[in-house]
Amino acid sequence: MCISFAVMLPVGNPPNAIIFNYGHCQIKDMVKAGFGVNLIGLVVVMVGINTWGINLFQLNTFPDWAGVRNTTG
């Protein structure tokens, strides 16, 4: 799962860059509007990983192929 949390910056996506280029919107206005979107995205990703991710990818078990080895001894 991947999400871009840069929706509050002018370089976050092309529509933001176009709006910022016209000069009617400042960065602080974009940060105010994008902060809520970032929080919602963060909550959705965390809930998704902790519910679907655990069931789909067996994140609660340690894989056999990743055995712990002592390489210093």
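Predicted model: local features only at pLDDT ≥ 70, side-chain atom pairs only at ≥ 80, totals over all residues.
User: Which residues does UniProt assign to the feature "transmembrane region", and what is the distance between the end C-alpha atoms?

Analyst: The unreviewed UniProt entry places this feature at residues 35–54; UniProt positions follow the numbering used here, feature names are shortened, and annotations may be inferred rather than shown by experiment. Over residues 35–54 the chain is 100% helix and 0% strand, where helices (H or I, at least four residues) and strands (E, at least two) are DSSP runs numbered from the N terminus. The end C-alpha atoms of residues 35–54 are separated by 28 Å.

User: Is Asn16 buried or exposed, and at what relative accessibility?

Analyst: Asn16 lies in helix H1, which covers residues 14–22. The classes are buried (under 20% relative accessible area), exposed (over 50%) and partly exposed in between, using a 1.4 Å probe and protein chains only. Asn16 therefore counts as buried, with a relative accessibility of 17%.

User: Which residue places a side-chain oxygen within 3.1 Å of the backbone nitrogen of Asn16?

Analyst: The pair is found at the start of H1 and involves the backbone nitrogen of Asn16. The side-chain oxygen that reaches to within 3.1 Å belongs to Asn13.

User: Which residue just after H1 takes a positive phi, and of what value?

Analyst: The position in question comes just after H1. The residue is Gly23, with a positive phi of about 90°.

User: Which residues does Met30 contact, leaving aside neighbours within four places in sequence?

Analyst: Met30 is found in helix H2, which spans residues 27–57. Because its relative accessible area is 8%, Met30 is buried. With contact meaning heavy atoms within 4.5 Å, Met30 touches Met8, Leu9, Pro10, Asn16, Ile19, Phe20 and Cys25.

User: Where is Cys25, and which residues does Cys25 contact beyond its neighbours within four places in sequence?

Analyst: Cys25 occupies the loop between H1 and H2. The C-alpha atoms of Cys25 and Pro10 are 9.8 Å apart, although 15 residues separate the two in sequence. Beyond neighbours within four places, Cys25 is in contact with Ile19, Phe20 and Met30.

User: Which residues does Gly34 touch, not counting residues up to four places away in sequence?

Analyst: Gly34 lies in helix H2 and counts as buried because its relative accessibility is 5%. From Gly34 to Ala6, 28 residues away in sequence, the C-alpha separation is 8.2 Å. Setting aside residues up to four places away, Gly34 touches Val7 and Met8.

User: Which residues are in contact with Asn38, apart from neighbours within four places in sequence?

Analyst: Asn38 is another residue of helix H2. Its relative accessible area of 10% is why Asn38 is classed as buried. Leaving aside neighbours within four places, the contacts of Asn38 are Phe5, Val7 and Met8.

User: Which residues form a nonpolar patch on the surface, and what is their accessible area together?

Analyst: The patch consists of Phe5, Phe35, Leu39, Leu42 and Met46. Leu42 is found in helix H2 and is partly exposed, with a relative accessible area of 41%. Together the patch residues have an accessible area of about 460 Å².

User: Is Val43 buried or exposed?

Analyst: Val43 belongs to helix H2. At 52% relative accessibility, Val43 is exposed.

User: What is the phi of Gln58?

Analyst: Gln58 is placed in the segment after H2. Gln58 is partly exposed, with a relative accessible area of 46%. As a residue other than glycine, Gln58 has a positive phi near 50°.

Notes:
Residues numbered from 1 in each chain as written. Heavy atoms only, no water. Polar contact = N/O pair within 3.5 Å; in protein donor to acceptor, adjacent residues only side chain to side chain. Patch = residues over 30% accessible without salt bridge, like charges linked within 9 Å, V, L, I, M, F, W, Y side chains within 5 Å. Areas by Shrake-Rupley, 256 points an atom, 1.4 Å probe, with all protein chains shown as cover. Salt bridge = Lys/Arg side-chain N within 4 Å of Asp/Glu carboxyl O.
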